[in-house]
Amino acid sequence: MSEAKRLDTNKKTITVVGLGAGDLDQLPYGIYRTLKQANQLYLRTKEHPVVAQLASEGIALTSFDEVYEQHDGFAEVYAEIVQRLFAKAEEAGSIVYAVPGHPLVAERTVQLLLAEGPGRGVQIEIGGGQSFIDPLFARLHIDPIEGFALLDGTALAAHQVSPGLHTIIAQVYDAFVASDVKLTLMEVLPDDYVVTVATAVGVAGQERIESVPLYELDRVDHFGNLSLVYVPPTTDETVSYRQFSYLKEIVAILRSPDGCPWDREQTHQSIRKNLIEETYEVLETIDDEDPDAMCEELGDLLMQIMLHSQMAAEEGYFTVDDVVATLNEKLVRRHPHVFGEKSANDSDEALANWQEIKAQEKAAKGIDVAAVSKLSGIPRDLPALMCAYKLQKKAAEVGFDWDDIADVYKKVEEEYRELREASEEERAGELGDLLFAVVNLARFLKLDPEEALALTNNKFKKRFAYIESKLQEAGRTFEQTDLQEMDKWWEEAKHQTKGRG
């Protein structure tokens, strides 16, 4: 026997065929013949209309249904089925594996076979079959040229759902999977959005088609191995408004020749102050613990980012997608303890990882870290109080700091005396020194001076508002009162709010 003949005899093959979406009458003759002539025929599951008909014709077959009972997750089920198939091919040399529908449509086991086959010396041959997509399109009168998405119900994520496409969610085997699908779709669509459950499409006597509002999806009573969910496309504004892609489109329109004259006129510099103002408005909602207002103000802040990104895109520099990509890459790169091999048991270790990677990034850009000032990296437009805090923190990192908080208190007292003794020309500088010393004290007390002052500002506003309310109750104005009376009301406000200071 020649070498070629011996190699051919030893060849191991798994031929994968699809059982189609209907009954035996819809099965192509070539696939029927492959099933009929198979010496060893294995099925992923017997739960298919064709299987009983094949068995009635005396075709011997073995299913892997018992594997489903042995595992909690589909990934483990599919992995074991694949390993069993390879073992059978090792023994017999050539086997046939049949799956519902088409082998290359929503069949994870087939993808695993194709991936592992070459490395195990097993040839995987795809014999074809009819998927459930064709009869579904025909039954629901869908033209796929309009765009459609085929998704896995057992691993569905909200970001996969595009409301403008025909969406088919397969492998919705039971009410539990349907419940997960429902909750995921509700992140994108209204609770009452009408979806369609289709079971055994094209199978005479078994087909069930039912349209229900989304919130009732998991109450449908005919889920099974041949069930799927169809989500029709929509252009409803309430749905579009939740899509980031629609926000990009709106901003581009506003900046277009047919858009808003004001938006078209703006430049990075002209709206620079808006970015700062919107940031402070967000901070105000945080202080007020007002989530509804925070949601709105975060949107206004996002609008500033969108406008700057759109302007940059028009100039050919970058797009908002580049902004997102840069951020995603940085987050993954700077969190190796989450996305990589490093570990971090607490926030200090996580921060150390972050700083180490930042230093590596600078080195990769040709920046001599040793030659860069230890005070670099602080934005020059920060509010002075915040800037002082960050300057002191950076200096402290290299040991330029007080050892004892008692020395910090002494420094505050020293600067206070110097301010009191300063000439008119020296006062501004001495006041700055005093403020700088107070910021240092805040740092030693582990307080953020900006936040501390903001708390006092809010406290002052509330107590002053109390004085205004007392005047209004009396029908008087500030011109009709004096400091002594206002101070009395101030003390009342302090007592009512249990404030200090």
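**Figure 1. Lining of the second largest pocket.** By class, 10 nonpolar, four polar and eight charged residues form the lining of the second largest pocket. The classes are assigned by residue type: Ala, Val, Leu, Ile, Met, Phe, Trp, Tyr, Cys and Pro count as nonpolar, Asp, Glu, Lys and Arg as charged, and the others, Gly among them, as polar. The model is predicted, so that local features need pLDDT of at least 70 and side-chain atom pairs count only at pLDDT 80 or more, while totals for chains, interfaces and linings use all residues. Residues are numbered from 1 along each chain as its sequence is written, and side-chain values use heavy atoms, with hydrogens and water left out. The second largest pocket has a volume of about 800 Å³. Its lining comprises 22 residues, and Q355, K358, S376, K394 and E397 lie nearest the centre. At least two lining residues of the second largest pocket come from each of α16 (347–364) and α17 (384–397). Helices (H or I, at least four residues) and strands (E, at least two) are DSSP runs, numbered from the N terminus. A pocket is an open set of points on a 1 Å grid over the protein atoms alone, with protein on both sides within 12 Å along at least five of seven lines; a cavity is a set of points where a 1.4 Å probe fits but cannot get out; lining residues have an atom within 4 Å of a point. Grid points are joined across faces, edges and corners, and a volume is the space filled by probe spheres set on the points.

**Figure 2. Lining of the largest pocket.** The volume of the largest pocket is about 1,200 Å³. Its lining has 29 residues, of which Y280, L283, E284, D287 and A454 are the closest to the centre. Helices α12 (272–288) and α20 (449–474) each contribute at least two residues to the lining of the largest pocket, and α20 provides the largest share, 11 residues. Sorted by class, the lining of the largest pocket holds 11 nonpolar, six polar and 12 charged residues.

Figure 3. Rolling a probe the size of a water molecule over the atoms shows where empty space is left. One cavity of 30 Å³ or more is present in the structure. The largest cavity has a volume of about 270 Å³. Of its 20 lining residues, P100, G101, F132, N225 and L226 are the closest to the centre. The lining of the largest cavity is made up of 12 nonpolar, six polar and two charged residues.

Figure 4. H166 lies in strand β7 (residues 166–170). Its relative accessibility is 8%, so H166 counts as buried; buried means under 20% relative accessible area, exposed over 50%, and partly exposed in between (1.4 Å probe, protein chains only). The side chains of H166 and Y230 make a polar contact of 2.6 Å. A polar contact is a pair of N or O atoms within 3.5 Å; within protein, one must be able to donate a hydrogen and the other to accept it, and residues adjacent in sequence count only if both atoms are side-chain atoms. Not counting residues up to four places away in sequence, H166 touches I142, D143, E146, G147, F148, A149, Y230, V231 and P233, where contact means heavy atoms within 4.5 Å.

**Figure 5. Two buried residues, V212 and G117****.** V212 belongs to strand β9 (residues 208–213) and counts as buried because its relative accessibility is 6%. Apart from neighbours within four places in sequence, V212 contacts Y193, V194, V195, L217 and V220. G117 is located in the loop between α6 (108–116) and β5 (122–126), and G117 counts as buried because its relative accessibility is 0%. With neighbours within four places in sequence left aside, G117 is in contact with F86, V122 and I124. G117 and V82 are 35 residues apart along the chain, and 9.9 Å separates their C-alpha atoms.

**Figure 6. E424 and the setting of the chain.** E424 sits in the loop between α18 (405–421) and α19 (427–444). With a relative accessible area of 64%, E424 is exposed. E424 and Q111, 313 residues apart in sequence, are 82 Å apart from C-alpha to C-alpha. The C-alpha trace of the chain spans about 110 × 65 × 50 Å along its principal axes. The secondary structure of the chain comprises 21 helices and 10 strands, and 34% of the 501 residues are buried.
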